[in-house]
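Hello,

Here is the structure I promised to hand over. Please open it first, then read my notes below.

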Amino acid sequence: MSDTITSKLTIGIATFNSSEVIGNCLQSIISNYGDSVKIIVADNNSTDSTHEIITSRFPQVQVYNSGANYGFGYSVNSIVGHSETPFVLILNADIELQAGTIEPLIEALEKEDSLIVAAPVTFDKSGKLEGNIRRFPTVLRQFSESILGGSISRKINLSETIDDDSSYL
């Protein structure tokens with residue numbers, strides 16, 4: 001990844017009792033992007049070894065403890081507040097970032113002024129696409145998902161989630 005892109009990016013991770021996954025998440029970032037990406041973890045006062053794992057194994061990561069579990073939104077706002085870069089990538093602690101994930105996101109945001117949010121394509125551990133593109137919510141879609149369930153709603157195209165693989169770049 002070019003330094004011009006990474007100097008524009010902070011990766012933020014909100015955690016709460018994430019000791020089982022945070023090591024793999026941070027290792028995936030560092031393995032693929034080295035120390036060229038700034039990483040901030042906002043910890044929601046974990047009672048497990050999350051904080052110790054981060055500070056002992058990943059000294060280059062900035063970790064902030066909120067002092068209480070204020071939730072995901074609070075943590076994201078804290079990350080953005082501590083960031084000094086124009087772009088912030090928010091990850092869940094169970095994400096393992098793959099090489100080549102960040103570049104297209106930054107390039108898309110820089111290319112199209114009307115874009116303010118970009119999301120990568122996500123895959124499960126077996127390599128199967130996980131749908132993360134959503135349609136605009138409607139009463140009919142909400143009704144369908146609550147009465148029929150997500151899997152049936154997706155089959156009849158009344159789900160908010162878009163499952164068509166061709167919709168993902």
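**Sheet, helices and core**

Strand S2 (residues 38–43) pairs with S3 in the parallel sense, over four bridges. Within this part of the fold, Ala42 stands opposite Tyr64 in S3. Keep in mind that this is a predicted model.

Now the whole sheet. It is open and has four strands, in the order S3-S2-S1-S4. The pairing is parallel. Strand S3 (62–65) and strand S4 (87–92) stand at the edges. Each has a single partner strand, so one side of each is left without a neighbour in the sheet. From one strand to the next, the twist averages 20°.

Next, the helices on the sheet. Helix H2 (residues 22–33) lies across strand S1 (9–15), S2 and S4. H2 runs at about 175° to S1. Helix H4 (residues 72–82) also packs on the sheet, where it touches S1, S2, S3 and S4. The direction of H4 makes about 145° with that of S4.

Which residues have the most contacts inside the largest nonpolar core? They are Leu9, Ile11, Ile13, Ile22, Leu26, Ile29 and Ile102. The core has 26 residues. At least two residues each come from S1, H2, S2, helix H3 (50–57), S4 and helix H5 (102–111). H2 gives the most, with six residues.

Leaving out residues up to four places away in sequence, Ile11 touches Ile29, Val37, Lys38, Ile39, Ile40, Leu89, Leu91, Leu97 and Ile102.

Best wishes

Key:
Residues are numbered from 1 along each chain as its sequence is written. This is a predicted model: local features need pLDDT of at least 70, side-chain atom pairs count only at pLDDT 80 or more; totals for chains, interfaces and linings use all residues. Side-chain values use heavy atoms; hydrogens and water are left out. Two strands pair if DSSP finds at least two bridges between them. Axes are lines fitted to C-alpha atoms, for helices over the stretch in contact, and angles run from 0 to 180 degrees between N-to-C directions. Contact means heavy atoms within 4.5 Å. A nonpolar core is a set of buried Ala, Val, Leu, Ile, Met, Phe, Trp, Tyr and Cys residues joined through side-chain atoms within 4.5 Å. Buried means under 20% relative accessible area, exposed over 50%, partly exposed in between (1.4 Å probe, protein chains only).
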